[in-house]
Amino acid sequence: MPLPPPGPDTRVLVTGASSGIGAAVARALARRGHATLLVARREDALADLAAELRELSGRDATVHAADLGTDAGLDAVRGLLDSPDVVGLVNAAGFGVTGRVAELADDAEQRAALDGLVRLNVLALHDLTVAAVGALVRRRRPGAILNVSSITAFQPLPGAASYAASKAFVQSFSEAVHAELSGSGVTLTTVSPGLTRTGFADAAGTDAFDRVPDLLVGEAADVAEAGVEAMARGDRSVTPGLVNQLTALGGRFAPRTLLLPALDAGMRLVEG
Ligand SMILES: NC(=O)c1ccc[n+]([C@@H]2O[C@H](COP(=O)([O-])OP(=O)(O)OC[C@H]3O[C@@H](n4cnc5c(N)ncnc54)[C@H](OP(=O)(O)O)[C@@H]3O)[C@@H](O)[C@H]2O)c1
């Protein structure tokens, strides 16, 4: 079992734990009896969740407030991964920016948001994954990492170009490292959700989720269950839900000459 069973000296570190998918993953881990170490910027939200998780698991849940978009925040969280009791890492912190690059380019705030997106979704995830792989493999004990990608990883997405590209990085990097780790006792799993009801749409400044049928928007708890199950088994990747699996297949195999104009038109419709 790549994610070791919960023990008195084991913890799983979860980034992005103050809301949405990260919080749901922390709950799914706590339900399985894991102690957790919760990371995000909003300390109050983390503290509330930690109290809930202690009740749920009967185990410890601790909080570390950090901005992973800064060097100081990232350095501190990387340091936590050296602690021998950290046997798992979940990289859920991330956000999206919607809009056309030509329009975003003229707005200093939006350009800063795009820069922050790459720092968090790509650089921080990469940095923490590399650090965790090194620490876990050095210890020669089982360990597991779960990286949160997206179905946008499987094709370019006009209207969310930087976000989809960041998730393509997450997916490609994580799948390659999964293969590298074969036989090491350490595993790296990727979960690739579709639209999911969380704080994501607000953070991305879009009401696009309100314009798609409810049926197409999943629940964070379902994504978390699928992700944690796959992490516990050490699977390469999981895409929760049939519609999302079909969308991912389409993204992978449809010719780009047909797919990109269709996606561009679809995104213009939800952009309103
Ligand atoms: N919702 C969807 O439709 C969807 C679909 C596919 C993939 N995803 C992915 O799922 C992951 C979780 O997103 P979500 O949907 O759960 O959205 P969410 O509810 O907005 O959660 C995002 C989490 O990231 C944390 N975060 C944001 N900026 C941070 C920073 N600079 N430093 C540290 N933590 C930071 C937030 O905490 P603080 O604000 O407290 O820092 C929050 O806990 C993301 O990687 C996202 O790309 C979401």
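**Entry 1: a pair of partners**

A note on names: helices (H or I, at least four residues) and strands (E, at least two) are DSSP runs, numbered from the N terminus. Two strands pair if DSSP finds at least two bridges between them.

A note on the source: this is a predicted model, in which local features need pLDDT of at least 70 and side-chain atom pairs count only at pLDDT 80 or more, while totals for chains, interfaces and linings use all residues. Residues are numbered from 1 along each chain as its sequence is written, and side-chain values use heavy atoms, with hydrogens and water left out.

**Entry 2: the sheet**

Next I traced the strand order. The sheet is open and has seven strands in the order S3-S2-S1-S4-S5-S6-S9, with parallel pairing. Its edge strands are S3 (61-65) and S9 (237-238), each pairing on one side only.

I then looked up some of the pairs:

- S1 (residues 11-15) and S4 (residues 86-91) run parallel and are joined by five bridges; Thr-15 has Asn-91 of S4 as its bridge partner.
- S4 and S5 pair in the parallel sense over four bridges.
- S5 (residues 143-148) and S6 are parallel too, over six bridges, and Leu-146 has Thr-189 of S6 as its bridge partner.

**Entry 3: are S5 and S6 buried or exposed?**

I checked S5 and S6 for cover. Buried means under 20% relative accessible area, exposed over 50%, and partly exposed in between (1.4 Å probe, protein chains only).

In a regular strand the side chains alternate between the two faces of the sheet. For S5, I saw Gly-143, Ile-145 and Asn-147 pointing one way and Ala-144, Leu-146 and Val-148 the other, all of them buried. That makes six of six residues buried, and S5 is mostly covered.

S6 (residues 186-191) also has six of its six residues buried, so the rest of the structure largely encloses this strand. On one side sit Val-186, Leu-188 and Thr-190, on the other Thr-187, Thr-189 and Val-191, and both faces are covered.

Helix H6 (residues 161-180) lies across S5, S6 and S9, at about 150 degrees to S6. Axes here are lines fitted to C-alpha atoms, for helices over the stretch in contact, and angles run from 0 to 180 degrees between N-to-C directions. Contact means heavy atoms within 4.5 Å.

**Entry 4: helix against helix**

Two packed helices are described by the angle between their axes and the distance between the axes.

I looked at H1 (residues 20-31) and H8 (residues 220-233) and found an angle of about 55 degrees, with the axes 8 Å apart. H1 and H8 are therefore oblique to each other; angles under 35 degrees count as roughly parallel, over 145 as roughly antiparallel, 65 to 115 as roughly perpendicular and the rest as oblique. Among the residues in the contact are Ile-21 and Val-25 of H1 and Val-223 and Val-228 of H8.

For H3 and H5, the axes come within 9 Å and cross at roughly 25 degrees, and the two helices are therefore roughly parallel. Leu-74, Val-77 and Arg-78 of H3 meet Ala-124, Asp-127, Leu-128 and Ala-131 of H5.

What is the phi of Arg-140? Phi is near 55 degrees, a positive value in a residue other than glycine. Most residues other than glycine have a negative phi. Arg-140 lies in the loop between H5 and S5 and is exposed, with a relative accessible area of 77%.

Gly-69 lies in the loop between S3 and helix H3 (71-80) and is partly exposed, at 25%. Gly-69 and Leu-120 are 51 residues apart in sequence and 5.2 Å apart in space, C-alpha to C-alpha.

Ala-165 is found in helix H6 and counts as partly exposed, at 47% relative accessibility.
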